[in-house]
Amino acid sequence: MARLIELTLNGRRRIDAVPDNLLLLDYLREQAGLTGTKTGCDGGECGACTVLVDDFPRLACLTLAATVSGRRIDTIEALGEAGALSAVQRGFHERLGSQCGYCTPGFVMACAGLLRRNPQPSPDEIRAALGSNICRCTGYVKIIEAVEFASDLLAQGGTAP
Ligand code: FES
Ligand code: FES
C-alpha cells in the first residue's frame, strides 16, 4: 500500500506518494534524488545514513519514510551554500576530519544537529552525540576537533552549523 507524505526536506515543502515499507534512506536517495546520505551497514550499526529530523539525528536505514510525514528533514545537501561551507563543513575541512569520506555525511549531520541544539558542547557532549557513528579511516580525535572548530566559529558569530 502507498500513502501521501508531506514534509519539509532541506527547507522545501514536498508531497510524495510512498509505499508503506519504503525506507527513508531509499526515499531520499532514489525518490528525492539526494544521494549525499550514504548506505553503509544498512542495519543501524554505522551511522553513515544519519539525517536530521527536526534537528535530531535519525538513522535513515531504520526509519520508514511514512513515519516522517509532517516533519522537517535535513540531509547533507542542506548545509552550506555555493562557495560557502557551513561551520561543521569548515571544521571537517580545517581539522582534517575525513579521509575516504564515506562516513562523513553522517558525521557532519550528527555534528550539525548537536550544534543546532547546543552550540557550545563540552567534549563529553560531543563524544556522546557521535556515539552512533563509526569511521573506519580516521581516529576520532580529528572529528572531535572539527566540532570544536565549528563551535568556536559559531561563538564568533559565524555561519550556521
Ligand atoms: S547504513 Fe544506517 S546505520 Fe549503517
Ligand atoms: S573517513 Fe573513511 S570511513 Fe570515515
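This is a predicted model: local features need pLDDT of at least 70, side-chain atom pairs count only at pLDDT 80 or more; totals for chains, interfaces and linings use all residues.
Residues are numbered from 1 along each chain as its sequence is written, chains are lettered from A and ligands numbered from 1 in the order in which they are written, and side-chain values use heavy atoms, with hydrogens and water left out.

Let's begin with helix α3, residues 104–117. Helices here are DSSP runs of H or I with at least four residues, strands are runs of E with at least two, and both are numbered from the N terminus. How far should α3 span at 1.5 Å a residue? Its 14 residues should span 20 Å, and its end C-alpha atoms are 20 Å apart, so the two agree. (The expected span is 1.5 Å times one less than the number of residues.)

Buried means under 20% relative accessible area, while exposed means over 50% and partly exposed lies in between, using a 1.4 Å probe and protein chains only. Among the buried ones are Phe107, Met109, Cys111 and Leu114. What do they pack against? The buried residues of α3 are up against β3 (50–53), β5 (72–74), α2, α4 (123–129) and α5.

Take Thr104, which sits in α3. Thr104 counts as buried because its relative accessible area is 13%. Leaving out neighbours within four places in sequence, Thr104 is in contact (heavy atoms within 4.5 Å) with Phe92 and Ser98.

Now for how the helices sit against each other. Two packed helices are described by the angle between their axes and the distance between the axes. The axes are lines fitted to C-alpha atoms, for helices over the stretch in contact, and the angles run from 0 to 180 degrees between N-to-C directions.

For α3 and α5, the angle is about 40 degrees and the axes are 11 Å apart. That makes α3 oblique to α5; under 35 degrees would be roughly parallel, over 145 roughly antiparallel, 65 to 115 roughly perpendicular, and the rest is oblique. Phe107, Cys111, Leu114 and Leu115 of α3 meet Ile143, Val147, Ala150, Ser151 and Leu154 of α5. Sorted by class, this contact has 8 nonpolar, 1 polar and no charged residues. Nonpolar covers Ala, Val, Leu, Ile, Met, Phe, Trp, Tyr, Cys and Pro, charged covers Asp, Glu, Lys and Arg, and the others, Gly among them, are polar.

Helix α5 (residues 141–155) also packs with helix α2 (residues 87–94), at an angle of about 135 degrees with the axes 8 Å apart. This pair is therefore oblique too. On the α2 side, the residues involved include Val88, Arg90 and Phe92, and on the α5 side they include Ala146, Phe149 and Leu153. By class, the contact of α2 with α5 has 9 nonpolar, 1 polar and 2 charged residues.

Finally, two residues elsewhere. Val53 lies in strand β3 and is buried, at 3% relative accessible area. Not counting residues up to four places away in sequence, Val53 touches Arg58, Val68, Arg71, Arg72 and Ile73. Leu25 belongs to helix α1 (residues 24–31) and is buried at 2% relative accessibility.
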